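Student: Could we go through this structure together and ask what stands behind the words used for it?

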Protein chains: 2
Amino acid sequence: MFDPAQLSALAAVLRSGSFERAAQMLHVTQSAISQRVRQLEEQVGTPLIIRSQPCRATEAGERLFRHAEELQLLEQGVRRDLGLAGQSENETQTWPTLRLAVNADSLATWFVPAMAAVEGVLFDLVIDDQDHSAEWLQRGEVRAAISGSPRAVQGCDCRPLGALRYLATASPAYIERWFGDGKVAPAEVRVAPVITFNAKDRLQTRWAEMALGTTVTGPSHWLPSSHAFVDAAIAGLGWGMNPEPLVSHALADGRLCELVPGQPLDVPLYWHVSRSISAALKPLTASVIRAASAVLRPIG
Amino acid sequence: MFDPAQLSALAAVLRSGSFERAAQMLHVTQSAISQRVRQLEEQVGTPLIIRSQPCRATEAGERLFRHAEELQLLEQGVRRDLGLAGQSENETQTWPTLRLAVNADSLATWFVPAMAAVEGVLFDLVIDDQDHSAEWLQRGEVRAAISGSPRAVQGCDCRPLGALRYLATASPAYIERWFGDGKVAPAEVRVAPVITFNAKDRLQTRWAEMALGTTVTGPSHWLPSSHAFVDAAIAGLGWGMNPEPLVSHALADGRLCELVPGQPLDVPLYWHVSRSISAALKPLTASVIRAASAVLRPIG
């Protein structure tokens with residue numbers, strides 16, 4: 001079996017990006033970290049870490065990193081079952097870290113309470129588009145994911161969470177300028193500036209297709225932040241698909257309007273968990289389902 | 001000279017990540033996009049795009065992408081000087097796109113008004129840590145950056161913007177649990193969960209060093225989102241360095257407290273602009289300075 005201290009050293013270097021910070025994280029010297037990683041590399045017979053700034057994992061390193069996380073999670077399950085949890089002064093040192101992929105809008109609207117309701121887990125979040133977050137799980141780089149895909153990844157369980165409602169929104173001044181007559185016509189949409197999260201974000205074109213019968217949108221700002229996306233719409237930079245929970249206040253007080261009222265786009269979301277640790281993650285899964293149901297809508 | 005339509009096609013593919021979306025963006029067929037990119041590749045004699053999902057630039061492609069952006073910006077300056085701006089129905093088609101690197105906390109606190117005050121520019125934002133955003137400029141991948149570094153990048157101008165104030169904050173329940181006696185001792189900080197933005201984020205250790213005389217912090221959550229960072233602190237997941245403008249409400253109404261009152265950490269920020277387009281970006285530079293001064297503090 002692999003030495004747990006060596007696995008922890010590897011995980012700390014990959015998470016913090018440097019041997020120096022890993023040493024701080026684990027409260028040991030930097031040379032202790034170097035030695036443990038080197039021993040692990042000798043045992044495996046291949047480099048595990050690319051010594052860049054920040055340090056990155058080789059393929060073998062990534063696999064052992066995953067193993068380190070799984071071990072921690074399984075061990076916590078044992079501690080819980082044997083009534084050993086929460087007894088030590090330094091109990092946080094035994095808390096497992098869980099790397100998971102979340103879409104930015106879930107994190108901005110309902111996911112934080114789901115994390116907060118679970119005791120004894122450290123979260124290491126990767127943020128990606130809901131259409132791409134499951135790929136992180138497929139590549140083995142995360143242990144769980146919130147994704148728009150209902151198809152279970154191999155070796156993983158998948159459960160529906162509900163749908164996040166998006167509204168095509170812009171400021172009244174923007175609508176006045178670009179859609180002067182109050183009716184949003186496809187020809188105007190081709191010219192009016194739009195806001196896109198990043199190259200993976202298809203929501204604006206999906207909505208335009210559904211509501212206006214055109215996949216075409218105007219020239220785009222690229223703004224990879226959920227809150228900045230809302231702020232930019234309020235400031236009049238463009239129109240964009242915003243999650244309803246993030247814009248309900250601005251819609252109520254008139255800072256934002258819907259481009260076409262009564263034309264929401266509901267995006268179903270699913271919880272994917274690696275089966276090897278799904279038992280250990282039961283409390284988190286329950287918490288995720290609870291927090292999601294408080295904000296998301298039933299999948300139609 | 002390079003053909004502008006070919007350069008636009010290249011830029012659209014790299015920005016949107018696919019030939020299909022680039023065609024939608026420029027309102028031409030996908031085969032027109034392919035042809036233009038191929039012609040440009042033939043002229044340069046080397047591949048410009050790596051046909052992956054999403055498409056990425058080769059080194060030569062990156063250089064031409066930058067050139068395309070610079071050309072657009074310079075041409076807009078000419079239009080402005082000749083009084084030709086804003087005359088056409090489809091004027092947004094001539095708006096230049098400006099790729100720039102911004103730290104997440106600037107985007108969350110003061111940068112959106114700076115963008116909104118400038119007419120006729122599309123923004124393509126890259127979000128990175130203030131200690132690393134200038135590297136994007138150095139590599140030529142962006143045309144401007146907001147950075148914590150006061151050193152001008154070669155070929156770029158650099159101006160001070162002011163300092164963003166950070167406060168070490170946590171929820172009252174968290175402080176009660178982990179620092180029961182109300183005094184935050186280094187030994188407790190080693191055990192209490194902390195929140196870190198990502199591997200590049202040194203603010204928590206910098207503050208601990210300054211306020212408590214220890215670089216060591218406890219086990220960490222990793223949460224790469226400014227607003228989720230605040231939400232997680234309010235929910236009691238850990239303590240973390242939050243920008244004062246993002247937490248003033250939560251501090252006032254008691255959802256957050258300072259770990260050690262009266263121990264802020266001020267992070268100076270600087271505006272870096274590529275000199276080749278600094279004249280064209282004068283209106284933006286003025287707007288950035290104005291918006292920054294409304295929120296940032298004088299650099300001490």
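This is a predicted model: local features need pLDDT of at least 70, side-chain atom pairs count only at pLDDT 80 or more; totals for chains, interfaces and linings use all residues.

Student: Let's start with chain A as a whole. How many helices and strands are there in chain A?

Tutor: Chain A has 13 helices and eleven strands. Its C-alpha trace spans about 70 × 40 × 35 Å along the principal axes, and buried residues make up 54% of the 300 residues.

Student: What makes a residue count as buried?

Tutor: A relative accessible area under 20% does, whereas over 50% is called exposed.

Student: Then why is Pro268(A) called partly exposed?

Tutor: Its relative accessible area is 28%.

Student: Where does Pro268(A) lie, and what does it touch?

Tutor: Pro268(A) belongs to strand E11, residues 265-274 of chain A. Leaving aside residues up to four places away in sequence, it touches Ser147(A), Gly148(A), Gly162(A), Ala163(A) and Ile299(A). There is also a C-alpha separation of 7.4 Å between Pro268(A) and Leu161(A), which are 107 residues apart along the chain.

Student: Now the helices. Why are H1(A) and H3(A) called roughly perpendicular?

Tutor: The axes of H1 (residues 4-16) and H3 (residues 30-44) of chain A cross at roughly 110°. The term is used for angles of 65 to 115 degrees, so this pair is roughly perpendicular.

Student: How do you know that the two helices meet, and which residues take part?

Tutor: Contact means heavy atoms within 4.5 Å. On the H1(A) side, Ala5(A), Gln6(A), Leu7(A), Ala9(A), Leu10(A) and Val13(A) take part; in H3(A) their partners are Ile33(A), Arg36(A), Val37(A), Gln39(A), Leu40(A) and Gln43(A). By class, this contact has eight nonpolar, three polar and one charged residues. The helix axes themselves come within 8 Å.

Student: Which domains does the assignment give for chain A?

Tutor: The domain assignment gives domain 1 (1-93) and domain 2 (164-266). The centres of these domains, taken over C-alpha atoms, are 44 Å apart.

Student: Finally, what makes up the interface between chain B and chain A?

Tutor: In contact there are 52 residues of chain B and 52 residues of chain A. Between them the chains bury about 4,500 Å², with 60% of it on carbon and sulfur atoms. Arg21(B), His27(B) and Trp222(B) supply 15% of the area that chain B buries against chain A, more than any other three residues.

Terms used: Residues are numbered from 1 along each chain as its sequence is written. Chains are lettered from A and ligands numbered from 1 in the order in which they are written. Side-chain values use heavy atoms; hydrogens and water are left out. Axes are lines fitted to C-alpha atoms, for helices over the stretch in contact, and angles run from 0 to 180 degrees between N-to-C directions. Helices (H or I, at least four residues) and strands (E, at least two) are DSSP runs, numbered from the N terminus. Angles under 35 degrees count as roughly parallel, over 145 as roughly antiparallel, 65 to 115 as roughly perpendicular and the rest as oblique. Ala, Val, Leu, Ile, Met, Phe, Trp, Tyr, Cys and Pro count as nonpolar, Asp, Glu, Lys and Arg as charged, and the others, Gly among them, as polar. Domain bounds come from an automatic or database domain assignment. Buried means under 20% relative accessible area, exposed over 50%, partly exposed in between (1.4 Å probe, protein chains only). Buried area is the accessible area (1.4 Å probe) that two parts lose on being put together, summed over both.
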